[in-house]
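Please look at the sequence and the structure first.

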Amino acid sequence: MVKTQRKLPYKYFEGVSGIIDYSKIQIIALGNHNNKLITNNLNKAKEEYERKVVYNLSVQKDTICSVWNVPLTISYNSRFKQMGYKKAIMSPPYFKDMNKPERLFIDLLEDPNNKVKWWFKNGEGENKYFAIKYLDQIQVERAFYVDFIVRMKDGRLGLFDTKSGFTAQIAKEKAEALARYVKEQNQNYNKKLWGGIVTFKDGSCRINESEVYSDIGIEPQAWQFADFL
């Protein structure tokens, strides 16, 4: 088995070049003038693997269609701590360490004078959590688990994902998929969905609901102040 694994690269060279002398293959592979060509072909092979293998696995794992509801129960480990949140739908509410935008957003959700009835901190990687499909930068289908699902007192359901800094800059594919999902659900099924990417800038909470996403540093006018809560 080990011998077969060691010979695989040589077999590849035999197939593409017809060279069967292993010493010549080593000279070709290690030659400085061939570095760029070999690197490019290795990257091409990895991208091909992503498209043909990882893509199929991600589709099988992540794109199971179902009607989603808030989980009845969630199991927690020692990293989770009980918190005193009043509007969290999971009771008692347990959470592990969250990043700053998530904590700031929860502070807004917990305001007793706002329009929020309840909120759910979404998880990821399991069917019990809510996700929408999107294509990443190399067109591989992925599952986007939004951070928060929020029920408003008027019956609307908000889908929000908190971002900051670099994560906000690279959120284009997820943000646009979320905007399309909200629009399609409202048009086709008469849902009362809304939401978008949420960030904090200069002490203010801002939201981007646009179908064509731009980072707040590039197009701040596309981000509304968060008086929606």
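Q: What makes Arg142 and Glu173 contacts of Asp136, leaving aside neighbours within four places in sequence?
A: Contact means heavy atoms within 4.5 Å, and Asp136 is in contact with Arg142 and Glu173 on that count. This is a predicted model, in which local features need pLDDT of at least 70, side-chain atom pairs count only at pLDDT 80 or more, and totals for chains, interfaces and linings use all residues. Residues are numbered from 1 along each chain as its sequence is written, and side-chain values use heavy atoms, with hydrogens and water left out.

Q: Why does Asp136 count as buried?
A: Buried means under 20% relative accessible area (1.4 Å probe, protein chains only), with exposed over 50% and partly exposed in between. Asp136 has 13% relative accessibility, so it counts as buried. Asp136 lies in the loop between β4 (132-135) and β5 (141-144); strands are DSSP runs of E of at least two residues, helices runs of H or I of at least four, both numbered from the N terminus.

Q: What makes the pair Asp136 and Arg142 a polar contact?
A: A polar contact is a pair of N or O atoms within 3.5 Å; within protein, one must be able to donate a hydrogen and the other to accept it, and residues adjacent in sequence count only if both atoms are side-chain atoms. The side chains of Asp136 and Arg142 are joined at 3.2 Å. A polar atom of the Asp136 side chain also lies 3.0 Å from the backbone nitrogen of Ile138.

Q: How many of the residues of the chain count as buried?
A: Of its 229 residues, 36% do.
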